[in-house]
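Please find below a colleague's note on the model under review.

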Amino acid sequence: MISTSDFRKNSTKILWNNEPWVVIDYQSVKPGKGGTYIRTKMKNMITGRVLEETFRSAEKFEEPDLEYAQMQFLYVDNFYHFMDQESYEQVDFNENQVGHVKQYLKDGIIYNVIKFKGEPISVEPPTFMVFEIKSTVPGVKGDTAQGGSKPATLDSGLVVHVPLFLNEGDKIKVDTREDKYIERVD
């Protein structure tokens, strides 16, 4: 059982109304009168619908019966095609099921595919991925004293803020959970 005190942004998965939901955001509210309650923003892992819901403090939820499979991304046509690394079966996802992960899709990379009751419902990218900077404004000498940042468009189309010393063609490591620059990679 998962309590509201165990909620973590973008990682806590609960079974609510017989469907798997991921907690996107939550806030503990203590009114002047009465008990504490938790205001949450949740996303349905099957339909992608986002919902705001309020729960009592210490309310408990079941964990959804999720299975994780390692699958390699193959290609895109009208669907996104993945291949299971154990059974070599192919699974197809539509654009809604892939969601924001499409910015992290690279041929040949292994992704976590989440299944609910045996049916694939969503894709999770590796925590850290390496990308090449395709376009960014040049850093001006002397602007680096305060450790500023600038936007950079990566080879996948994702835009992240990077330090001023990075240029087009540089490879960087990105944290896929927060769309953040981590470090430069050689």
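Which residue of strand 8 does Met-71 stand opposite? Met-71 stands opposite Asp-84 in that strand, and the pairing concerned is taken up in point 3.

1. Basis of the note. The model is a predicted one, in which local features need pLDDT of at least 70, side-chain atom pairs count only at pLDDT 80 or more, and totals for chains, interfaces and linings use all residues. Residues are numbered from 1 along each chain as its sequence is written, and side-chain values use heavy atoms, with hydrogens and water left out.

2. Overall description. The protein has one helix and 16 strands; helices (H or I, at least four residues) and strands (E, at least two) are DSSP runs numbered from the N terminus. Its C-alpha trace spans about 60 × 50 × 25 Å along the principal axes. Of its 186 residues, 35% count as buried, where buried means under 20% relative accessible area, exposed means over 50%, and partly exposed lies in between (1.4 Å probe, protein chains only).

3. Five strands form an open sheet in the order 9-8-7-10-11, with antiparallel pairing; two strands are said to pair if DSSP finds at least two bridges between them. Strand 9 and strand 11 (119-124) are the edge strands, each pairing on one side only. From one strand to the next, the twist averages 45 degrees; for such angles, axes are lines fitted to C-alpha atoms, for helices over the stretch in contact, and the angles run from 0 to 180 degrees between N-to-C directions. Strand 7 (residues 66-76) pairs with strand 8 in the antiparallel sense over five bridges. A hairpin of three residues joins these two strands, and Val-76 has Tyr-80 in strand 8 as its bridge partner. Strand 7 is also joined to strand 10 (residues 110-116) by seven bridges, again antiparallel, with Leu-66 opposite Phe-116.

4. Strand 12 (residues 128-136) and strand 15 (residues 171-175) run antiparallel and are joined by five bridges; Val-130 stands opposite Lys-173 in strand 15. Strand 13 (residues 149-154) pairs with strand 14 in the antiparallel sense, also over five bridges, and Lys-150 has Val-162 as its bridge partner in strand 14. Strand 13 and strand 14 form a hairpin with four residues between them, and Gly-157 in the turn has a positive phi of about 100 degrees.

5. A buried position. Is Ile-38 buried or exposed? Ile-38 counts as buried because its relative accessibility is 6%. This residue is found in strand 4 (residues 37-44). Leaving aside residues up to four places away in sequence, Ile-38 touches Thr-4, Phe-7, Tyr-26, Gln-27, Ser-28, Glu-53, Thr-54, Phe-55 and Ser-57; contact means heavy atoms within 4.5 Å. Ile-38 and Arg-56 are 18 residues apart in sequence, and their C-alpha atoms are 6.1 Å apart in space.

6. Most residues other than glycine have a negative phi. Asn-17, which is not a glycine, has a positive phi of about 55 degrees. Asn-17 lies in the loop between strand 2 (13-16) and strand 3 (19-29) and counts as exposed, at 55% relative accessibility. Tyr-88 likewise has a positive phi, of about 60 degrees, although it is not a glycine. Tyr-88 is placed in the loop between strand 8 (80-84) and strand 9 (90-93), and is exposed, with a relative accessible area of 57%.

7. Contacts along the chain. Among contacts in the protein between residues at least 6 apart in sequence, 42% join residues at least 24 apart.
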